[in-house]
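I open this notebook to keep track of what I look up in a structure that is new to me.

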Amino acid sequence: MDKKQLSEADICAKFISPAVLNAGWSELDQIYREYTIAPGRIVVRGQKAQRNLQSVLRADYLLCHRYGQPLAVIEAKDNCHAVGAGMQQAVEYAERMGVPFAFASNGDGFVFRDASLLFNGQLLTDLRMDEFPSPARLWALFQQWKGWSAEQTRVNGFAYHQGDNGRVPRYYQLHAINRTLEAVAAGQNRVLLVMATGTGKTYTAFQIIWRLLKSGAKKRVLFLADRNILVDQTMVGDFKPFKGGMAKLSPNAKGIERVDANGVTTVDELELAVTKGKKSTGGKQVNKAYEVYLGLYQAVTGKSGADDVYKQFSPDFFDLIIIDECHRGSANEDSAWREILDYFSSATQVGLTATPKETEDASNIHYFGEPVYTYTLKEGIEDGFLAPYKVVRVDLDRDTFGWRPPKGMLDDNGHPIEDRIYNAADMNRNLVLGLRDRVVAGKITEYLKGTDRNAKTIVFCEDVDHAQRMTAALAQANKDICATRHKYVMQITGDNEVGKRELDNFIDPDSPDPVIAVTSKLMSTGVDAQTCKLVVLDQNIKSMTLFKQIIGRGTRLNEEHGKQFFTILDFKRATELFADKDFDGEPVQIYQPTGDDDVVPPPPPPADDESTVIDGDSWLPDADGDGQGDGSSVPAGNTKDPAGVYGDGTGGSAGAAGGTDKPRKYQIGGRVTVAIARERVQYLDANGKLVTESLRDFTRINLAKKYESLDAFMQAWSSADRKQALIEELQHHGVLLDVLTEELSQEKGDGSSLQGADPFDVLLHVAYDQPILTRSERARRARKKLHDDGIYAKYGETARKVLDALIDKYADEGIAAIENTDVLKVQPLSQMGSPVELIKSFGGSKLNYQAAIAHLGQAIYQPGHP
C-alpha cells in the first residue's frame with residue numbers, strides 16, 4: 001500500500017482511528033469525529049447570508065474522558081504532509097476546548113504537544129502509532145494539571161446527559177458547565193455565569209444541575225425566574241429529562257399551548273408542587289417530594305408574609321439555587337430575590353445572565369463574585385452560533401430636528417401645549433403625533449413587503465398606550481392581510497390577556513400567526529423567538545442592559561426555517577449604543593433611508609444611565625406573570641428637561657389624577673406632519689468596526705491597503721489561478737461586490753452602465769477610477785487578442801470551438817463559470833464531446849488545456865481600454 005496515494009480520510013480510517021482504539025479509547029462516549037468547534041461566522045450580503053467557510057473550526061478528533069469532558073484534540077493530514085503538519089491547527093482547537101493535549105498525525109506516527117509538561121517534561125514528543133496514550137493516562141495528567149481535589153475529580157468526572165437526540169454541548173457550554181462544577185466542588189457558594197442571549201443558558205443550567213444531582217454533590221434544586229413564560233418554557237424544553245422529579249411552585253396549571261401549521265392545538269401539562277388549600281387549613285401547601293423545583297420569585301415570596309411559600313421549606317432544604325436572568329434585581333439588598341437567597345443562604349447559588357448589572361445600587365459581581373466564565377455576543381457571532389444583524393436607521397424630522405408648537409396651540413383634548421422644543425425624547429412620552437404612528441407603521445410594512453411579509457417581527461414601543469396605537473396603525477397598513485388573518489398583528493403587553501395568550505404561538509417557528517408582535521417591556525427578555533427576523537425600536541432606550549436584551553430577541557439562529565440573520569429597524573437612534581464601550585457585538589450593516597427611499601437596505605445618543613427604571617428593575621410581573629406594570633414608566637435621572645415636563649417619571653397623561661408632577665402627554669392627531677429626515681450608510685471593516693463612509697469609500701480604502709497601486713492589483717489578479725477565489729477573499733474582508741454594484745447603480749440612476757459588468761471592472765472603477773467595461777466588451781477584446789497572438793492557430797477546430805463557447809459563457813455568466821472543468825459538462829460544450837475528449841483537443845493533456853484557459857484569462861483581462 002502506497003500511503004502517499006491515500007486521502008486524509010483514508011489515513012484516519014486505516015491508521016489513526018485503529019491506533020486510538022488500540023490505546024483503549026471508546027467510540028461510544030470518548031471519541032468524537034469531525035467535532036464542530038465553531039460552524040463559521042455568517043456573512044450577510046443584501047438579503048442573502050452564507051457561512052464564511054474560512055472561519056469554520058472543526059477538529060478531526062475530540063477525545064473525552066467521558067461524554068462532555070474534553071481531554072485532547074487530534075488533527076490529521078494525508079501522508080504527503082509531515083507528521084506534525086497539523087499541529088498548529090491542533091493547538092488552536094485544543095486552546096478553544098480548554099485542554100492541554102494536542103496531537104498531529106499523518107499515519108506514520110504522532111507528534112504530541114503537552115502544554116502541561118507532565119507527560120515527560122517535554123512540550124513536544126514524537127510517538128509511534130502504537131504509543132498513543134490511554135484514556136486513564138491522559139485523565140490522570142489532566143487532573144494533575146487542573147490541580148483538582150478528590151471532590152472536584154468526582155464531580156467533574158461524571159458524564160453529561162446525552163438524551164435520545166445525541167446532542168453534544170458546544171465548546172463554550174462545556175467551559176461554562178465544567179468551570180461551574182469546578183467552583184462548586186471547590187466549595188464556592190456563589191457563582192456567576194455570563195452568556196449572551198441565544199447561547200443556551202438554560203441548557204447549560206440543565207447540564208450543571210444534572211451532573212451535580214447524579215454525582216450526589218447536590219440533592220435539592222430551586223430554579224428561579226421572574227416570568228411565567230421562562231419557567232414554563234424551561235419545564236417543557238431543556239429540563240424535560242427531569243420530568244417526574246420536577247414541579248412548579250405554583251397552584252395554577254395553565255400548561256403550554258401550541259397551535260401547529262394545521263391548526264391542531266396541543267398542551268404540555270406542567271406538574272405542580274403547590275396546592276391552593278384554604279386559609280382555615282393553612283392556605284397553600286407544598287409537596288416536598290421532588291428533586292427540582294421551578295418558580296417565579298414573586299409567587300414564591302407571595303404578597304404577604306403569610307403567603308411566603310418558600311418558608312414552608314427549611315432553610316437548608318435546597319442545596320443548589322439557579323437564578324435565571326439574575327441582572328433583573330437579585331443583587332438589590334431589598335429585592336424579593338435577595339429575600340429568598342438570604343433565607344437559603346447555605347445553598348450554592350448560581351446566577352445566569354447575558355448582561356450583568358453593575359450600578360451604585362446593585363451589583364451582580366459584588367454579590368456573586370467575578371464570572372467563572374463569560375461568552376459574549378461578539379464571540380457568538382464570530383463563531384457562527386448567533387445571528388448577525390443589519391441596522392436600518394430611520395430618522396424622523398420631528399424627532400431629529402425638533403418641533404415647537406405655535407403660540408397658544410391646544411392639543412386634541414383642549415390642553416394648551418407648553419411652548420418649548422419637543423424632540424425624540426418627548427415622542428410618545430410627552431407628545432403623541434398621530435401621523436408619526438402612521439409613518440412608522442408604513443415603514444415597517446414597506447420593509448416587510450420588500451423582504452418577507454411573514455417574517456416574525458417584534459415592535460418595541462414606549463408604553464402600553466403607544467403599543468395600542470401602533471397595533472392599530474400596523475393593522476391598517478396591513479389591511480390586505482389582516483382582513484383574513486386577524487392575528488397577523490397582535491399587541492402583546494402585560495395588561496393584554498388576549499395578546500399574552502398568543503406569545504407561545506409567536507415564538508413557535510411552525511405557527512403562522514402572529515407575525516407582528518407589538519410590545520413595550522414584556523418581550524424585551526426571556527422570549528425564545530428563534531425565527532424573529534425583524535426587531536423594530538420605537539422606544540427611548542437609556543439602559544445598556546435593556547438594549548442588549550432587546551437585541552437578543554433576534555440573535556438566535558434557526559437555519560431550518562431560513563433564519564440566518566435579522567434586521568434592526570431603528571426609529572429612535574437607539575443603535576448608537578453600538579458605539580458604547582460596554583457593547584460587544586457590532587452590526588454587519590447600518591443603513592439610514594431618507595424621504596421616499598426604499599426602507600429595505602441595498603444588497604446625539606442617550607446616556608447609558610443604569611439607574612433608570614426602564615431596564616425592568618422597577619417593572620415586575622405579578623405572581624401569575626401578568627406584568628401589569630408593563631410599559632408606562634419613564635426613565636429617571638438626567639432627562640435634559642428644563643421645563644420640568646417629565647415630572648417624577650411615574651407615567652400618566654395630561655390632566656391625569658395624581659397632580660402636576662405627572663408627565664403630560666399631549667395628543668395631536670393629523671395636524672402635525674412627520675417625514676423621513678436623512679440617510680446614512682455604515683459597514684463593518686475587516687476588524688469588525690463600524691465605518692461611516694459608503695461601501696464605495698470602504699472598498700477603495702481597503703483595496704488601497706491591500707494593494708499599494710493599480711499595477712499591484714493587476715498583478716495579483718493576473719497571477720491568481722482562480723479569479724473567483726480572489727473575489728471570495730475580498731468578500732471575506734468585507735468587500736461585498738453585489739451590494740457595491742447596487743450602490744453604484746443607485747448613483748448612476750438606472751444603472752444601465754453596470755449591466756453585465758465584471759467584478760474586476762467594478763473594483764477598478766471604485767478603487768482606481770477606471771472606466772467600466774461590460775463582460776461583452778471584454779469577450780470581444782479577448783477573441784481579438786487570441787487571434788492576434790496566434791492562440792487560435794495553435795489548435796484544431798474542436799479546441800477553437802471550445803474557446804469560443806467559453807468566451808460566450810464568460811460574457812453571459814462571468815469568470816466563475818469558466819474556471820471549473822465542470823463547464824465542459826453543460827451546453828453547448830457538452831454537445832461537442834465528453835469532457836475528456838474536449839480536454840484532449842488541446843494537445844492531449846490536461847496541462848495543455850489549463851495553459852489555454854490561462855491564455856484566455858489573460859486575454860479577457862488584458863490591460864488597457866478601447
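In which sense do strand E7 and E8 pair, and over how many bridges? I looked this up in what is a predicted model, and found that strand E7, residues 110-114, pairs with E8 in the antiparallel sense over 4 bridges.

**Entry on the bridge partners.** I followed individual residues across to E8, where Thr-125 is the bridge partner of Phe-112 and Leu-127 is the bridge partner of Phe-110.

**Entry on the two faces of E8.** I noted that side chains in a regular strand alternate between the two faces of the sheet. For strand E8, which spans residues 124-127, I found Thr-125 and Leu-127 on the covered face, while Leu-124 and Asp-126 are on the uncovered one.

I looked up where E8 belongs, and found an open sheet of 6 strands in the order E1-E4-E5-E6-E7-E8, with mixed pairing. Strand E1, residues 31-38, and E8 stand at the edges, and because each has a single partner strand, one side of each is left without a neighbour in the sheet. Neighbouring strands of this sheet are turned against each other by 30 degrees on average, with direction ignored.

**Entry on cysteines.** How many disulfides does a search of the whole structure find? I recorded 0 disulfides from that search, keeping in mind that a disulfide is a covalent bond between the sulfur atoms of two cysteines. I also checked two cysteines for accessibility: Cys-80 counts as exposed because its relative accessibility is 54%, whereas Cys-461 counts as buried because its value is 0%.

**Entry on the whole chain.** I finished with the totals, which place the strands above among 28 helices and 32 strands in the chain. The chain has 866 residues, of which buried residues make up 56%. Its accessible surface comes to about 35400 Å², and 48% of that surface belongs to carbon and sulfur atoms.

Conventions: Residues numbered from 1 in each chain as written. Predicted model: local features only at pLDDT ≥ 70, side-chain atom pairs only at ≥ 80, totals over all residues. Heavy atoms only, no water. Buried < 20%, exposed > 50% of the residue type's maximum accessible area, 1.4 Å probe, protein only. Pairing = 2+ DSSP bridges. Disulfide = S-S within 2.5 Å. Axes fitted to C-alpha atoms, helices over the stretch in contact; angles between N-to-C directions. Areas by Shrake-Rupley, 256 points an atom, 1.4 Å probe, with all protein chains shown as cover.
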